[in-house]
Amino acid sequence: MAGIYIHIPYCKQACYYCNFHFSTNTKSSPEMLQAILQEIEMRKHELNNQSIQTIYFGGGTPGILPSDDIKKIMHAIEDNFIVEKNIETTLEVNPDDMHPQKLKAYLDMGINRLSVGTQSFFEEDLQYMNRSHDAKAAARCVQEAQDTGFNNISVDLIYGFPLLTNEKWKQNINTALALQITHLSCYAMTVEARTALEKMIRTEKLPPINHAQSAEQFEWLMHAIEDAGWEHYEISNFAKPNHRAVHNTNYWLGKHYLGIGPSAHSFDGSSRSWNIVNNALFIKSIEEHILPSEKEILTLHQQINEYIMTSLRMSDGMQLQKIKPNVTTEEWQLFCEELEKNNALLNIPSNYQTNARAIITLNKKGKLYADKIAGDLFVG
Ligand code: SF4
């Protein structure tokens, strides 16, 4: 079973912190739609008849396109792949692009999960980030989507930026939970190279990120989620019981996926490929029937290290039986030494050396250092 990701590379305006691939000039969107439809056709044999279990429209802002464009892409996927019944089909939307007719059109074409880009329920935060919507839009969008019939809705929030006091962060979480949504993704604000935020901090127009504040807000978030009876199933992802994001979970489990559209990545179990990060060149290449992508075959060590990185981030944890048989005795010894060094940040069964089914997870403190711990454990 596999997933399909469709990258829609357009946004209404550029959020200051964002380093995803998008353009605010939508002039090429008709040609882009044709190119995406054509890429789907060109790659129809790549999944070797594996059926599709999830579809995910991301970006950019897929909700910026007319709903008919999304419908054409859905039809192309159904025409070219074996799509299972009642699968999770997610569309990322920004609240200001949504209205009841559009939401109804999505529901009718089979979209059954929305991911609503919210980030904060405070006006000044949205201005700080240069978001395109106002503070009331997200709650209105969620309500309209629920009235239309959507019952699986995720909201994205950002914490750890100077304007966001702990009190405001608590209010953001409580507001989101009160919306009766099923899933939350919460990300620490990071300052990415070549973003407006990076420039404004570098030139001292904005204060830098305070990492202690970010850690404090993450810790509060973990407790609030637990009190609400939700699952903290991945470092940045939280769900009501039985509402984990299937598509993203499959990424983390190393299942196969096909990424369509400029900048989209694909994975087939042992190799990764990625499409060109340029809208005009993507369209031109597809028009010439050439897939504009590069490919990397992962070594066994790279595959194990990816597993360490992703499995540690998940509450289901890292299964040692997926590591031990694939490394040398010396590598296993070094790995165990690093596990012991990080003992205070991990939940480690005492018999892990001899128990083939041992599973290692991060404890609450460890969740603050997931990437560093994974790096310590890397093999090879
Ligand atoms: S809407 Fe999303 S993809 Fe577009 S600029 Fe903002 S964060 Fe980036």
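**Close-up 1. Gly59, a buried glycine.** Gly59 counts as buried because 24 C-beta neighbours sit inside 10 Å. (Buried here means 20 or more other C-beta atoms within 10 Å of a residue's own, exposed means 12 or fewer, and partly exposed is in between; C-beta atoms are placed from the backbone.) A quick note on what you're looking at: this is a predicted model, where local features need pLDDT of at least 70, side-chain atom pairs count only at pLDDT 80 or more, and totals for chains, interfaces and linings use all residues. Residues are numbered from 1 along each chain as its sequence is written.

Close-up 2. Gly59 belongs to strand S2, residues 52-59. (Strands, E, of at least two residues and helices, H or I, of at least four are DSSP runs, numbered from the N terminus.) Setting aside neighbours within four places in sequence, its contacts include His7, Tyr10, Phe22 and Glu92; contact means C-beta atoms, placed from the backbone, within 7 Å. Gly261 is 202 residues away along the chain, yet its C-alpha atom is 9.4 Å from that of Gly59.

**Close-up 3. A cis peptide bond at Gly59 and Gly60.** These two glycines are joined by a cis peptide bond, with omega about 25°. Gly60 is in the loop between S2 and helix H2 (67-80).

**Close-up 4. Asn130 and its positive phi.** Asn130 isn't a glycine, but its phi is positive, near 60°. Look for Asn130 in the loop between helix H4 (123-129) and helix H5 (137-148). It's partly exposed, because it has 14 C-beta neighbours inside 10 Å.

**Close-up 5. His289, out in the open.** His289 counts as exposed, because it has 8 C-beta neighbours inside 10 Å. You'll find His289 in the loop between helix H10 (279-287) and strand S12 (293-297), with a positive phi near 65°.

Definitions and conventions:
Two residues are in contact if their C-beta atoms, placed from the backbone, lie within 7 Å.
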